[in-house]
Amino acid sequence: MWFKFSILFLSSALVGQINLNFISHLSNNKLKAEHCFYLKSLAVNDTLNYHKAKYNLQYNNLNDLTDYLATKPQFFFNDSAAVYNTILYFFKNENQYLQNTFLNALDTTALTVTNKKLILNLVELDSKKHLILTNFLPNLEGDLQYYQKIKNKKPVLGAVLSAIVPGLGKWYGGQPNSAFVSFFSQAIYGLQTFETVKKFGFKNGFSIFSMSFFGAFYISNIFGTYTDIIKQKKLRKKNILINEGNYYSNFYPVSLY
Amino acid sequence: MHYVFLVLLLLNLKSNAQVSYVNDTVFANALFDANISINTKAIQQQKQPFSLSKHLLLFYQNFISEQIQANCLYKISCSENMKQSINYYGFLRGFLMGLNQLQNCAHSVKKDYPSNYIKNDKIINYIIN
């Protein structure tokens with residue numbers, strides 16, 4: 001085994017060319033250390049940078065990949081498999097900086113139909129326009145419609161509604177079950193506080209304790225509504241992207257080499 | 001139970017205000033479970049000052065709340081969530097976020113979460129998503 005490797009390394013160093021079959025073998029068998037060692041042994045040029053980028057993409061070393069993509073490499077964008085796998089990475093993981101670098105440098109003319117469609121999906125979820133449901137997978141329609149409902153909801157308005165009627169803001173933010181729970185818990189605490197104050201007066205220790213207890217929950221409900229609306233938008237969006245990314249990587253896997 | 005939990009927290013407001021450090025395990029779990037990548041460079045660890053309320057929360061978790069852990073609706077229980085929120089966001093915001101989870105403790109709340117965020121019948125509620 002080591003003898004074969006040494007011969008391949010020596011031959012590549014002597015000839016000065018990249019052995020694509022060997023790289024393909026290393027990549028498909030996930031021989032990470034050998035793959036890295038082989039790429040390091042070669043002289044630096046554009047082709048090698050391209051292979052290094054694919055190596056970084058496969059093993060999620062994203063700092064080097066971001067630097068490489070910032071140079072607008074035509075080699076990389078002409079490779080549909082590399083672009084496809086990069087987009088699927090964005091579907092499954094959130095890395096806004098890398099995603100922006102990739103989209104800014106991207107040459108759309110060289111894209112395949114599938115890649116164009118996937119990028120449209122990725123960008124549409126962020127835009128304020130109505131989603132074009134036919135671009136997405138049919139089994140995600142329910143999730144998409146739900147996301148479309150909540151994506152333009154305003155957290156501040158939700159907080160104000162929660163201040164008027166506890167739970168109303170959560171209902172507005174697309175969390176009806178949480179709204180019911182909040183409303184009833186607040187109602188029970190409120191009634192208890194009201195009865196305590198009515199029976200013992202304001203200056204009683206138990207009344208003060210009840211009022212502070214109710215007050216803390218009331219304010220936390222307002223603040224929680226604000227944070228929950230922001231959180232729900234993120235979770236719903238990620239849910240759609242993860243499902244779609246899983247679907248494509250499971251049913252249409254494309255090898256990097 | 002909630003009263004005990006709150007009283008323990010309210011006992012020491014001052015000591016918590018200075019605490020700002022990040023529990024590494026939270027991020028490790030988040031990365032493993034929810035396919036979520038987090039920019040760890042943006043988060044700087046600091047020395048942890050002594051915090052009485054943190055120790056009181058530990059006492060609550062180990063001696064009072066031990067038996068109800070298995071039935072908890074959330075992946076991170078209310079007290080643990082509050083502890084981590086306070087550590088990360090500071091006392092006021094963390095305390096309010098913890099209370100918000102505490103009053104959302106009902107199994108019907110699961111229906112409000114997307115399918116990828118419910119694993120082993122528990123809601124994944126890492127403080128950073």
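In this predicted model, the side chains of Asp79(A) and Lys54(A) form a salt bridge with an N to O distance of 3.2 Å, where a salt bridge is a side-chain nitrogen of Lys or Arg within 4 Å of a carboxyl oxygen of Asp or Glu. Asp79(A) sits in the loop between helix H6 (74–78) and helix H7 (80–92) of chain A, and Lys54(A) in helix H4 (residues 46–58) of chain A, so the pair ties together parts that are 25 residues apart in sequence. Helices here are DSSP runs of H or I with at least four residues, numbered from the N terminus. Asp79(A) is buried at a relative accessible area of 14%, and Lys54(A) is buried at 3%; buried means under 20% relative accessible area, exposed over 50%, and partly exposed in between, with a 1.4 Å probe and protein chains only.

The search of the whole structure gives four salt bridges over all chains, and the table includes three of them.

| Pair | N to O distance | Burial |
|---|---|---|
| Lys170(A) and Asp228(A) | 3.6 Å | both buried |
| Glu80(B) and Lys83(B) | 3.6 Å | both buried |

Lys170(A) and Asp228(A) meet in a salt bridge; Lys170(A) belongs to helix H12 (residues 168–172) of chain A and Asp228(A) to helix H14 of chain A, so this pair ties together parts that are 58 residues apart in sequence. In chain B, Glu80(B) and Lys83(B) are three residues apart in helix H5 (residues 78–89), and are therefore separated by about one helical turn.

Helix H14 (residues 205–251) of chain A also holds Tyr218(A), which counts as partly exposed because its relative accessibility is 25%. Leaving aside residues up to four places away in sequence, Tyr218(A) touches Ser162(A), Ala163(A), Ile164(A), Pro166(A) and Gln186(A), contact meaning heavy atoms within 4.5 Å.

Between the chains, 29 residues of chain B and 35 residues of chain A take part in the contact. The area buried between them is about 2,900 Å², with carbon and sulfur atoms giving 52%; this is the accessible area (1.4 Å probe) that the two parts lose on being put together, summed over both. No salt bridges are counted between chain B and chain A.

Residues are numbered from 1 along each chain as its sequence is written, and chains are lettered from A and ligands numbered from 1 in the order in which they are written. Local features need pLDDT of at least 70 and side-chain atom pairs count only at pLDDT 80 or more, while totals for chains, interfaces and linings use all residues, and side-chain values use heavy atoms, with hydrogens and water left out.

Note on methods
Helix = DSSP H or I, 4+ residues; strand = E, 2+ residues; numbered from the N terminus.
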